[in-house]
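Here is a short briefing on one protein model. Look at the fold before you read on.

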Amino acid sequence: MGILKELEEPPRNRDGKNEGKGETKSDGKGEGKGERRDEPLDLAELRKALGAFVTGVTVVTTLDEAGTPRGFTANSFTSVSLEPPLVLVCIAKASGSYPVFAGARGFAVNILAEDQRHVSSTFASRTADRFAVVNWAPGPAGNPVFEGAAAWLDCEMHDTHEAGDHLLLIGRIVGFESRPLPPLGYCRGAYMTFSLEQRAVAHADSHTRIGAILEWERSVLLLGAEDDGPLALPAAPRIGSTDEPESLLGMLTALGVEAQLGFLFAVFESEQGRALHVYYRGSARPMGPLASRARFFAFADIPWHRLGDEQVRKMLRRYVNERLEDRFAGGSGRPGRSGRSGQSGHAGRSGGSAPPGPKSDTR
Ligand SMILES: Cc1cc2nc3c(=O)[nH]c(=O)nc-3n(C[C@H](O)[C@H](O)[C@H](O)COP(=O)(O)O)c2cc1C
């Protein structure tokens, strides 16, 4: 919570004394950026800052009074103490399962494996029967623990603490299990899968194609030479740099797109097994009029039939579905700037309004 602390405490000078109002100097370029401001914090920006913290993803479960399993996706999990063994998770008071967890005798924390993104999305959604997507069994403390999770910890309730709009649930671990599965990661509103990085690095050679799913204002960049002809995601033999026309970044620059690559999204072999395709997700922004073969398509308007490569089509569908489900999108995939100039080629924003943000969650 270093950033919050910085914002809450008045800046101190070298003698450790608070600097008086009006004495602080700031050119807005560095030293003065974290100083206390009297105006209210920009919560959207604050969520973005908090979203830079890389976490795992858990589903926290319990049983309600009727014995019905309840659960929600949480990345506010942390370990607290080994002796006694305590863990902590924060639940939003505004969430539907708050009353159940606030009065629960215990809870289990299921640390998701990287192939359980759909479990995370389901337990963060309004799906009625969330537990239909997992095989589960009661853990030693009676709370639902998931098959296929990287680890689970079943806890008795040790304590609860109110903290602003959240309640801290502190559990004492009574049983746990862990498996050697790669865990699912989360940062800046996007899932991260660590084994993808390893596969991409291990297999990268001259047959590798590096591509990108680039998002701008809830639309994706696709390339195609003809009006109704085939479309493809931008891809090249290497990432390169903006001044290398043969590379991905160079090609994007030539198309008039400023791109920022984020995390790896998918790695797969072509159907003939000859090439390895490595796809990043990232954000983009037109720098001016786009080249005629480049165009941003709103999520709702993607002409799926024109995406010739089936593997690419499936991958992009998965991306769009995840983005539509993600009510917590904080940063990744959404441009940090509002550059609206040169929108030519943009396919409109139908279905592209920003998703409702969570009441005050930092996810
Ligand atoms: C990656 C991720 C992490 C989340 N972490 C938390 C969390 O730590 N605490 C929380 O209250 N909600 C968190 N949420 C939001 C809840 O999962 C979401 O609001 C869920 O719908 C709550 O369900 P409920 O309203 O039925 O309780 C997170 C969502 C996602 C996608």
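Cysteine 90 stands opposite leucine 168 in β10. Strand β5 (residues 86-92) and strand β10 (residues 166-178) pair in the antiparallel sense over 7 bridges. The model is predicted: local features need pLDDT of at least 70, side-chain atom pairs count only at pLDDT 80 or more, and totals for chains, interfaces and linings use all residues. Residues are numbered from 1 along each chain as its sequence is written.

**The sheet**
- Strands β5 and β10 belong to an open sheet of 7 strands, in the order β3-β2-β6-β9-β10-β5-β4, with antiparallel pairing.
- The edge strands, β3 (69-74) and β4 (78-81), each pair on one side only.
- From one strand to the next, the twist averages 35°. Axes are lines fitted to C-alpha atoms, for helices over the stretch in contact, and angles run from 0 to 180 degrees between N-to-C directions.
- Two strands pair if DSSP finds at least two bridges between them.
- Strands (E, at least two residues) and helices (H or I, at least four) are DSSP runs, numbered from the N terminus.
- Strands of a sheet pair through backbone hydrogen bonds, either parallel or antiparallel.

**Threonine 58**
- Threonine 58 lies in strand β2 (residues 58-63).
- Threonine 58 is buried, with 31 other C-beta atoms within 10 Å. A residue is buried if 20 or more other C-beta atoms lie within 10 Å of its own, exposed if 12 or fewer, and partly exposed in between, with C-beta atoms placed from the backbone.
- Leucine 112 is 54 residues away along the chain, yet its C-alpha atom and that of threonine 58 are separated by 5.5 Å.
- Not counting residues up to four places away in sequence, threonine 58 touches Ala74, Asn75, Phe77, Val109, Asn110, Ile111 and Leu112. Contact means that C-beta atoms, placed from the backbone, lie within 7 Å.

**Helix α6**
- In helix α6 (residues 248-255), Leu248, Leu249, Met251, Leu252 and Leu255 are the buried residues.
- They lie on the same side of α6, because they cover an arc of only 160° around the axis. The arc is that of the directions from the helix axis to the C-beta atoms.
- These buried residues pack against β13 (208-216), β15 (235-236), β16 (257-269) and β18 (294-298).
- Glycine 256 follows α6, and its phi is positive, near 95°.

Methods:
Contact = placed C-beta atoms within 7 Å.
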